Amino acid sequence: MGDFFYEPLGDGRFRSTVHAQGAWNPHEQHMAPATGLLTHALESFQPREDLRLARLSLDIHGIIHAGEVEVTTRMIRPGRTIELVEAEMTAQGRTAVVARGWRLQTADTTAVAAVEDASIGTPDGLPGGDGMSVWPGGYIRSLEIRVGEEHRPGRGITWLRNPYEMVAGHATGSLVRLLGMVDTANGVAPRVSPGPDSWMFPNVDLQIHLHRAPVGEWLGMQTCQTFGEDGIGLTSSVLHDIAGPFGRAEQILTVRPL
């Protein structure tokens, strides 16, 4: 199993471990570590000190099969102050996930800096949560979970961290570590419990906007989940680290009876 989510095989190929195992099917990967691997690929591709990843848009094309995957990265839109880069993950010969990231030039804007989202504090002193135990899979078992007060179906505050490196042999920085847990938002405050005679609500995308570079190992999510009346839902989250809010995430859902 190892103490990592992915084993590098060379030439852009990786093998997932049980820690990346998904929650909907045992033979697939969870989108959260897949996001982390793609973030790792984008962060490593032609890096520039004056640019920072500001938006990550991921489209899920189908099941992310467990085992060997290949990640191909390319420049979509080069520029002096703005770049658009893309990383595509394929599994079993098919596209599984396509991630596109806008990298923007950084500058000193402390004179006008302001954040409207309120801080949710830190995970210190919060109780551990067993609500995620309804979800199976190796990825969920990898998480340490703390839950805020007034957590309920459809809305809540959750803090997550995990002890594993994203890619074996590579130190995992805060950006990869925290973005590699964001997709968990869809399961931290579900409106209905998963299981037989219930409903499924997988997301088909993940959109992350970052107004600040995240720090540390803890990811805080202030999440609300909406189910519409025609089979489509939305999970929305304000993202936090131990220093405060740093961005937002959205996931569109397909809601179906099991």
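This is a predicted model: local features need pLDDT of at least 70, side-chain atom pairs count only at pLDDT 80 or more; totals for chains, interfaces and linings use all residues.
**Whole chain.** Start with a cartoon view. Look for four helices and 15 strands. The radius of gyration is 18 Å, close to the 18 Å from the globule rule for 258 residues, so the chain is as compact as a globular protein of that length. Its C-alpha trace spans about 50 × 50 × 40 Å along the principal axes. Of the 258 residues, 49% count as buried.

**Contacts and charges.** Take contacts between residues at least 6 apart in sequence: 66% of them join residues at least 24 apart. Now colour by charge. There are 21 positive and 30 negative charges, and their mean positions lie 4 Å apart.

Select residues 4-10, strand E1. E1 and E2 pair in the antiparallel sense, over four bridges. Two residues sit between these strands, and in this hairpin aspartate 11 takes a positive phi near 55°.

**Two faces of E2.** Show the side chains of E2.

**On to E4.** Next, select residues 68-77, strand E4. E4 runs antiparallel to E2, joined by three bridges. Finish on phenylalanine 14. Its bridge partner in E4 is valine 69. Phenylalanine 14 is also the bridge partner of proline 8.

Definitions and conventions: Residues are numbered from 1 along each chain as its sequence is written. Side-chain values use heavy atoms; hydrogens and water are left out. The radius of gyration is taken over C-alpha atoms; the globule rule is 2.2 Å times the number of residues to the power 0.38. Buried means under 20% relative accessible area, exposed over 50%, partly exposed in between (1.4 Å probe, protein chains only). Contact means heavy atoms within 4.5 Å. Lys and Arg count as positive and Asp and Glu as negative; His and the chain ends are not counted. The place of a charge is taken as NZ of Lys, CZ of Arg, CG of Asp or CD of Glu. Two strands pair if DSSP finds at least two bridges between them.
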